[in-house]
Amino acid sequence: MLIEHLTRQLHERDAQALRRRRKVADTACAPRQQVSAEGGRSRDLLSFCSNDYLGLANHPALTAAMAEGAARYGCGSGASHLVSGHSRAHADLEQALAATQSDTIPGCEALYFCTGFMANMGLLTALGDGQAMLFADKLNHASLIDGSRLAKAKVQLYPHDRTDLLGALLETSESPVKIIVTDAVFSMDGDIAPLADLLALAERHDAYIVVDDAHGFGVLGPQGRGALAHFGLSSQRFIYMGTLGKALGVAGAFVAAHPTVIAWLVQSARPYIYTTAAPPAVAYAAGVSLALVMGEEGDRRRAHLATLGRSLHDSLAGIVEALPPIGWSAPPSDTAIHPFIVGDNETALALAAQLDALGIWVPAIRPPTVPVGTARLRISLSAGHTEADLWRLCSVLADSVETLLPP
Ligand SMILES: Cc1ncc(COP(=O)(O)O)c(C=O)c1O
């Protein structure tokens, strides 16, 4: 019965153009990759898919650091952090990560998690006890949604970026512990949350703010210190989550917050406590990446990424302007994420398939990852791209769009 039930659901997904499929990357994460479709042969693709925004995932300094970390600490950590798996590499990394937020969250400490998904689940379930109320943006990432669902706290959703409606919810809330929960950079749109307005609301209503900066850490702000630094904000009301598997090119995540918050997470964040600590070599390589990201090489890569972002937006806007009024859009973005919104799932899939046939890899993003009727190509840039790569993407995209227009 189970197999029949699942088969029916898979067929339904096929019928709605919602079935997800994987490709196999045969070479390292980079703009030019050899990739095999499921069961297919390996081909060269120009990729605009990864979150490796600074192009570091395959940087020689990081691959060397991973090898050196493994030579020093071995492969596995052997146990969870609270038993015996907390290595010198993890401890040093936490100190360096806390320093990145010392201006934005004075006196903060940091805690390293195996992944961003686990950090968000741990954070929200540990802080969102029965006394608390979580106020969450409707477009938050799946890990924040699932963390909120699993928390004992009541959850109130507010429409994307509607700080006026959030203010009204906070005003009427009688909960003694109020926590606003938001992505800093929304992962499928690339827009940045109005963090200064959220902080003003938090101060007015004695609330705290969980900020998921998975896509901003390393990219935004001076030295890539992230979204809070980008806006020059500073408050102990922030509980900051940054990831190390995107712009930093390695893996893992951290929470930076008031020392009491961190102390509480060590006691009660179950995805921190009940899992084997990430390999120390990963933490060691992440530390080397952090130094690189915060230094001159990071600055150069961020500057190049910003230039590419402006060019890409101009070209995408040009493609949309040339279209008849069919509701497609390419909203502006100050981040490395550029959506090209086409609406229905079939069109998004057809467009991605046309690009793929011409050697360009861009993912079609469909519900439930984005709201129904807003299926899109999610174009993500890396500092490893060149202007020529963008030109190729946009000329192939413009031609593909032509073939999909109604006659
Ligand atoms: C906004 C956001 N938060 C959290 C995560 C999870 O991070 P990780 O990939 O390290 O699990 C992601 C991953 O895509 C994300 O986009």
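This is a predicted model: local features need pLDDT of at least 70, side-chain atom pairs count only at pLDDT 80 or more; totals for chains, interfaces and linings use all residues.
Local features require pLDDT of at least 70 and side-chain atom pairs pLDDT 80 or more, whereas totals for chains, interfaces and linings use all residues. Residues are numbered from 1 along each chain as its sequence is written, and side-chain values use heavy atoms, with hydrogens and water left out.

The protein chain contains 15 helices and 14 strands, taken as DSSP runs numbered from the N terminus (helices H or I, at least four residues; strands E, at least two). Its C-alpha trace spans about 60 × 55 × 55 Å along the principal axes. Of the 407 residues, 51% are buried, meaning under 20% relative accessible area with a 1.4 Å probe and protein chains only. In helix α15 (residues 387-404), the buried residues include D389, L390, L393 and C394.

The ligand is surrounded by 13 residues, the closest being G116, F117, D212, H215 and K246; a residue is counted if one of its heavy atoms lies within 4 Å. Helix α5 (residues 116-127) gives the most to this shell, with three residues.

Polar contacts are pairs of N or O atoms within 3.5 Å. A polar side-chain atom of K246 lies 2.8 Å from an oxygen atom of the ligand, and a backbone N or O atom of F117 lies 3.0 Å from a ligand oxygen atom. For H141, a side-chain N or O atom is 3.5 Å from an oxygen atom of the ligand. The protein covers 81% of the 390 Å² of accessible area that the ligand has on its own, by the Shrake-Rupley method with a 1.4 Å probe.

Conventions: A polar contact is a pair of N or O atoms within 3.5 Å; within protein, one must be able to donate a hydrogen and the other to accept it, and residues adjacent in sequence count only if both atoms are side-chain atoms. The expected span of a helix is 1.5 Å times one less than its number of residues. Buried means under 20% relative accessible area, exposed over 50%, partly exposed in between (1.4 Å probe, protein chains only).
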